[in-house]
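The tour goes from a sheet to the helices on it, then to the cores.

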Amino acid sequence: MIITEISREDIKDCLDIYNYYIKNTLVSLEECELEIDAFEKRIGRITEKYPFLVAKNDSGKLLGYAYLDSFNERSAYRISADLSIYLDREQTHSGTGKKLLCAIEEEAKKRGIENIISIITSENLPSVGFHVKNGFVHEGTVNNAAVKFGRYVSVSYYRKNLKNVGKGRYDPAALSIRPACEADIPALDRLLYQVQKVHSDLRPDLFRAGGRKYNDEQIKEILSDSEKPVFVAELAGSVVGYAFCIRQQHLGSNSLTDVPSLYVDDLCVDESMRGAHIGSALYDFLLGYAKDKGYYSLTLNVWADNLGALGFYEREGLRAQKIGMEKIIDR
């Protein structure tokens, strides 16, 4: 991959990428596609003071671009700049965005810029996840700041201080974990589909592709059951994780004691936020909740093929309690 300053022959390819996001998404809050003359003038204005970089593959195909612009025209804001990164839609999760970000950060430092700031629509969780993983901190959200496609859109501000680069962790003060409510059901649905995909990819013989563990009516029933607490992790106004729990206690058993256990029926972090320690925050919250409620233990099940989940829970200090085994019958 080659990262260079933008040239005149790159402008049309950059515009094609940008116009896709204008026309089809809430990533950009422009509403009308740009003509090439207007886009060229914009680039000319930006590059008078700020870097505008493009990424290309070895064949010369443009994969994406990144640039800095004025955060505020008043002179005292000269240590801060607004960041934009746009990728060809086939380049998400390819590493192109990370390489562009590293390059633009170096250019920012050369210009004495200390803060780079991204303004992200709150529904754009992939972008939120990208920024959090790369050291940006959520600084605030303006609710219902815009209208596009007939919908109100909230925007969040994420900042990275280039003089004090973090480790890609969210600001703990910006994350809240609370009991779920019915208004969270669409977000819970989204995450349940993600969990189902993980399971159906690992064990298509057991899990239906495109399904989910609970439908909306079942979720409503669970939310009304005090023996089945559900919690959500919320960042910048968006639900980024959940934990479905069940109180378990063996009363009247001939062989088991009656110590109560908090069984974690399902724990999920949005795929765009994995690696940002949201899962650890959820787990720590559940441990504190279990302790406060007088539970003896916290338990959960993990599919043996889900090595990522196994590794995560082992790092959090869980150990195998019992092991389920199977033999698939030859046909």
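Start with the open sheet: 5 strands in the order 8-9-10-11-12, with mixed pairing. Strands here are DSSP runs of E, at least two residues, and helices are runs of H or I, at least four, numbered from the N terminus. Two strands pair if DSSP finds at least two bridges between them. This is a predicted model: local features need pLDDT of at least 70, side-chain atom pairs need 80 or more, and totals for chains, interfaces and linings use all residues. Residues count from 1 along each chain as its sequence is written, and side-chain values use heavy atoms, without hydrogens or water.

Strand 9 pairs with strand 8 in the antiparallel sense, over 5 bridges. Pick arginine 178: its bridge partner in strand 9 is valine 232.

Next, select helix 5, residues 185–202. Helix 5 packs on the sheet and touches strands 9, 10 (238–248) and 11 (261–269). Contact means heavy atoms within 4.5 Å. Then select helix 7, residues 278–292, which also packs on the sheet and touches strands 8, 9, 10, 11 and 12.

Finish with the largest nonpolar core, of 68 residues. A nonpolar core joins buried (under 20% relative accessible area, 1.4 Å probe, protein chains only) Ala, Val, Leu, Ile, Met, Phe, Trp, Tyr and Cys residues through side-chain atoms within 4.5 Å. Select Phe39, Tyr65, Leu68, Ile116 and Leu235, which have the most contacts inside this core. Another core, of 16 residues, lies apart from it; Val232 and Cys268 are among its members.

Note on methods: Axes fitted to C-alpha atoms, helices over the stretch in contact; angles between N-to-C directions. Buried < 20%, exposed > 50% of the residue type's maximum accessible area, 1.4 Å probe, protein only.
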